[in-house]
Amino acid sequence: MMNRRQILVVGCAALAVAAVLAGALSREQIPEVEVARAVYAAPPGRVEVQKLSYGQTFGQVLEDAGLGTADRLGVLEAFREEAEPRRLRTDTEVSIRWVDDRLHGIVVTLDRDRTVRVDCSTGDCTASTLTLATTIDTVYAAGVIESSLWSAITELPELAEAPLGDRRNFVLSLDRVFQWQIDFSRQIVPGDTYRFVFEREKRPDGSMRAGHLLSAELVNNGKAYHAIWFDPNNDGRGTWYDMEGQSVRRAFLMKPIELSRISSRFGMRHHPILKQWRNHNGVDYAARTGTPVQSTGAGVVVRRNRGATYGNVIDVRHPNGFLTRYAHLSSFARAIAVGSRVAQGEVIGYVGMTGLATGPHLHYEMHAAGRPVDPLAIELPAEDPVPAEDRARWEVESAARIALLFTLPGPEELRSVRADQ
Ligand SMILES: [Zn+2]
């Protein structure tokens, strides 16, 4: 008999699309084959490869490579049409092609997905950007959790084809989507089941460029939780809802650090430095110095300074009278200043032990209506459900995504297969 646990399809939508330019939403259709030809065609003449060293400008690289002033200006002018030369990162690769000791062209690799080519073969330089072609496919997986979600997914034989980084992404995505319903590090019971449908954009080398869960189910201790992707504004920034169209997200993340351990809870405790009983108005998370700290909710930075007790501290003000505080930071994220708008999950600083602290940890506080509250105990405000005007489209799209999910073996089938083994 066929083991139904083995059912896993990596369905190829076979939809070839050009990669979405980082930060921009414009999609350009570039047939994969032509891109490959253009990139890998054997270049005539001599090619020199330079790397931008720290503090070096693009112009200096060209000068060091022996380009005369006229060539340099021509290349820079053309290049500026496609990218900002001052934004090139250290170690950016610059290939310079000479034919008969005349400058023929330059290729600059902006990042994994984009390359700028400057063609000077006809005298005047012209520039163009090549974007690696990617494909969109859908990954389906279902299984039983024996110990942790991490090992259940990273060790699933049917997912062995996916790079480890991608499997890690599947786990993190499920953790992010279900973080308000389940604490994966503590609440998982052996025999819990999961199934999910994940849409990803794949590079030619098989690695994932972007992706998100389309639909997912987690059955924890007999209770089923669902998350269905829906994009109310059709702007690519969708979110997840339960089967009834209620948001699975809350206005605040459960924790300000992704991988951490709670070292002190909210309430009375004996202070390790002050040696006296005091009310602990926050939750401490032990983590290594330098670990990124995220703002748990969207809001505005209203404090960013150094205090004697809190050390480096950031306060973020949120809607509906909430405020969160992050203390003992080793440093602040670069763009963060008083008045900065921050998004939920945005990195605002790094774990440290400045101020009154015995070791590296984050002291995290939440205030509601001016009074400290226990962030682990209060009912966090939910985000908005599917907007009324999008309800009709939600009904159609969610039904399709739920149907995809339910083609996978469900909890009873997975458990009975497991019992047969
Ligand atoms: Zn504390």
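**An open sheet**

In this predicted model, three strands make up an open sheet with antiparallel pairing, in the order β16-β22-β20.

- β16 (292–294) and β20 (331–332) are the edge strands: each has a single partner strand, so one side of each is left without a neighbour in the sheet.
- Three bridges join β16 to strand β22 (residues 347–350), and the two run in the antiparallel sense.
- Within this pairing, V293 lies opposite G349 in β22.
- In general, the strands of a sheet are paired through backbone hydrogen bonds, in a parallel or antiparallel way.

**Helix α3**

- Helix α3 (residues 69–80) has 12 residues, which at 1.5 Å a residue should span 16 Å; the end C-alpha atoms are 16 Å apart, so the two values agree.
- V75, A78 and F79 are the buried residues of α3.
- An α-helix has 3.6 residues a turn, so residues three or four places apart point the same way.
- T69 and A70 are exposed, on the other side of α3.
- The packing partners of the buried residues of α3 are α2 (58–64), β4 (102–109), β5 (114–119) and β6 (126–131).

**Residue V99**

- V99 belongs to strand β3 (residues 93–99).
- V99 has 13 other C-beta atoms within 10 Å, so V99 counts as partly exposed; a residue with 12 or fewer would be exposed, and one with 20 or more buried.
- Between V99 and S121 the C-alpha to C-alpha distance is 8.7 Å, with the two 22 residues apart in sequence.

Definitions and conventions
Residues numbered from 1 in each chain as written. Predicted model: local features only at pLDDT ≥ 70, side-chain atom pairs only at ≥ 80, totals over all residues. Pairing = 2+ DSSP bridges. Helix = DSSP H or I, 4+ residues; strand = E, 2+ residues; numbered from the N terminus. Expected span 1.5 Å × (residues − 1). Contact = placed C-beta atoms within 7 Å.
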